[in-house]
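Subject: Structure for your files

Dear colleague,

Here is the structure I said I would pass on. My notes come after it.

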2 protein chains.
Amino acid sequence: MHRTRVRIVEDALDANNTIARANRDDFDRHEVAVINLMSAPGAGKTTLLERALAEPLPDVRVGVLEGDVQGSYDSDRIAGLHVPVAQLNTDPGYGGECHLDANMVRSALPSLPLGEIDLLVIENVGNLVCPAEFRVGEDVRAMVCSITEGEDKPLKYPLMFRSCELVVINKLDLLPHLDVDLDRLLYNLDAVNPGVQRVLVSARTGEGVEEFRRWLVETAPTGARAVV
Amino acid sequence: MHRTRVRIVEDALDANNTIARANRDDFDRHEVAVINLMSAPGAGKTTLLERALAEPLPDVRVGVLEGDVQGSYDSDRIAGLHVPVAQLNTDPGYGGECHLDANMVRSALPSLPLGEIDLLVIENVGNLVCPAEFRVGEDVRAMVCSITEGEDKPLKYPLMFRSCELVVINKLDLLPHLDVDLDRLLYNLDAVNPGVQRVLVSARTGEGVEEFRRWLVETAPTGARAVV
C-alpha cells in the first residue's frame with residue numbers, strides 16, 4: 001500500500017518534470033530567467049516584491065506570475081507597480097491545490113509577455129511543504145522566511161529550506177519585539193542548507209531590500225542586460 | 001484529464017473519511033473529545049498549547065498528538081508539561097506530506113492513553129490548505145491565525161477559515177508594531193465564516209489564553225467531566 005503510493009507520487013512528479021522542461025525551453029527561447037519564490041502564508045513575499053520593484057531594476061525588465069488558491073489580491077497589488085503580472089488560481093482542484101505545478105504555470109504562459117521581460121518571478125502558494133516538490137521550469141528557487149515564524153522552521157520543513165538558492169529572512173524590524181533568536185535561526189538554516197546565500201530584510205522598512213534587488217539583477221540573464 | 005484528477009481526489013477523500021469514522025468510533029468509545037488544531041507554519045499552535053496547558057484544565061485530562069513533517073521538536077516541548085503526547089511524522093511520503101490524514105492518526109492511536117484522557121488535541125502540520133480537506137476523526141476544528149500574516153488570509157485560504165468552529169487570533173502583542181488592521185482581519189474572517197467563534201490572544205504574554213482554556217473545557221465531553 002505504502003509502496004504503491006510512493007510509486008504514484010513518483011509518476012506524478014515525473015509527469016510534472018516533463019512539463020517543467022517544456023516551460024524551461026520556452027523561457028530559454030525568450031532569454032527569460034525564472035525565479036520560483038516560496039514561503040509560508042503571510043511571510044511577506046508580495047510586500048517584498050512591492051518594495052523591490054517600486055523602482056525599475058537597472059537594465060532588467062521584470063514580470064510576475066502570482067499563484068494563489070483564490071482571488072487576485074496579490075496581482076492587484078503588483079499591477080500598481082506597472083509590472084506585467086498574471087494571476088493563477090489553484091482552486092479548480094478540490095479545496096484548492098496547495099502549490100503550483102508545471103502544468104498550471106504552462107497554462108499561464110500565454111498571459112505573460114515573455115518577449116518583453118528578462119526576469120520572471122513566480123510567487124508560489126504560501127506553503128512550506130509541497131511547493132518545494134514541484135519544479136515549474138524555474139532557474140533558481142528563493143524563499144522568504146519571516147522571523148515571526150520562530151527559529152525551528154528550517155528543521156521542521158527541511159526540504160523547502162534545502163531546495164532554495166536564496167533564503168530571505170524577513171520582518172527584521174520585529175526582532176526587538178520577539179523572543180526569537182536570529183542567530184539560532186541562521187544556525188538551523190545552515191544545518192539543513194550549509195552555506196546557502198541569505199539576505200536579511202524588512203520589506204516594511206526597506207532595510208536590506210537593496211541587497212535583494214542586486215540578487216534579482218544578478219539572476220537575470222547577462223545577455224538580456226547587455227542588449228538593453 | 002482534469003475530470004480524472006478530481007475523481008481520484010474524491011476517491012482518496014472517501015477512503016480517508018471511512019478511516020476517520022473508525023477513529024471517531026474509537027474516540028467515542030473512550031469518551032474522548034478531539035480537536036483538530038491547524039494553522040500556517042509558525043502561527044503559534046505549540047506556544048498556545050504550552051501556555052494553555054501549563055496548569056491542568058479543571059476536571060479535564062488532556063492529551064496531545066503532534067503532527068510534523070520531521071522531528072519531535074513540538075512533542076518535546078509539550079512533554080515538559082507532563083501531558084501525554086505522541087509524535088507523528090509525515091516524511092515517509094515523498095518530501096513529507098503537508099497534512100495529517102485519518103490513516104496517519106489511526107497509526108498513532110496505540111501510542112495514546114485514550115482511556116486516561118478526556119480531550120485530545122491533534123496539532124496538524126503547519127499549512128493553510130490541505131489540512132482542511134482531510135478529516136481525521138475530530139469533533140471540532142480550530143485554527144490559529146497570527147496577526148503577522150496580514151488581514152487578507154481568510155480571503156486567500158477560505159476553505160481553512162470556513163471549516164473551523166473556532167479561530168484563535170494570535171500574537172496580539174505585536175499589533176502596535178505592524179501595519180495590520182485587526183478590524184479588517186476580523187471583517188474578512190466574518191466574510192468567509194460569518195459568526196464563527198473567535199478568541200484574541202497573545203500566547204507569548206498570556207493575554208486571552210484563559211478564554212481559550214475555557215473553550216477547551218467546554219469542548220470536552222460533559223460525561224467525562226462529571227465523572228472526574
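Predicted model: local features only at pLDDT ≥ 70, side-chain atom pairs only at ≥ 80, totals over all residues.

Interface of chain B and chain A

The contact involves 42 residues from chain B and 42 residues from chain A. About 3600 Å² is buried between the two chains, and carbon and sulfur atoms account for 57% of that area. There are six salt bridges across the interface. One pairs B:Asp179 with A:Arg204, where the closest N and O atoms are 3.0 Å apart.

On the chain B side, at least two residues each come from helix H1 (2-29), helix H3 (73-79), helix H5 (153-156) and helix H6 (158-162). H1(B) gives the most, with four residues. Sorted by class, this side of chain B has 19 nonpolar, 14 charged and nine polar residues.

Helix H7 of chain B

H7(B) spans residues 182-192, and its buried residues are B:Leu182, B:Leu185, B:Leu186, B:Asn188, B:Leu189 and B:Val192. Viewed down the helix axis, these fall within an arc of 160 degrees, so they line one face of H7(B). The elements of chain B that cover them include H5, H6, strand S5 (140-146), strand S6 (166-170) and strand S7 (197-200). On the face turned away from the buried side, B:Asp183, B:Tyr187 and B:Ala191 are exposed. At the start of H7(B), a side-chain oxygen of B:Asp181 comes to within 3.0 Å of the backbone nitrogen of B:Asp183.

Regards

Technical notes
Residues numbered from 1 in each chain as written. Chains lettered and ligands numbered in written order. Heavy atoms only, no water. Contact = heavy atoms within 4.5 Å. Buried area = accessible area lost by both parts, 1.4 Å probe. Salt bridge = Lys/Arg side-chain N within 4 Å of Asp/Glu carboxyl O. Nonpolar A, V, L, I, M, F, W, Y, C, P; charged D, E, K, R; others polar. Buried < 20%, exposed > 50% of the residue type's maximum accessible area, 1.4 Å probe, protein only. Arc of directions from axis to C-beta. Polar contact = N/O pair within 3.5 Å; in protein donor to acceptor, adjacent residues only side chain to side chain.
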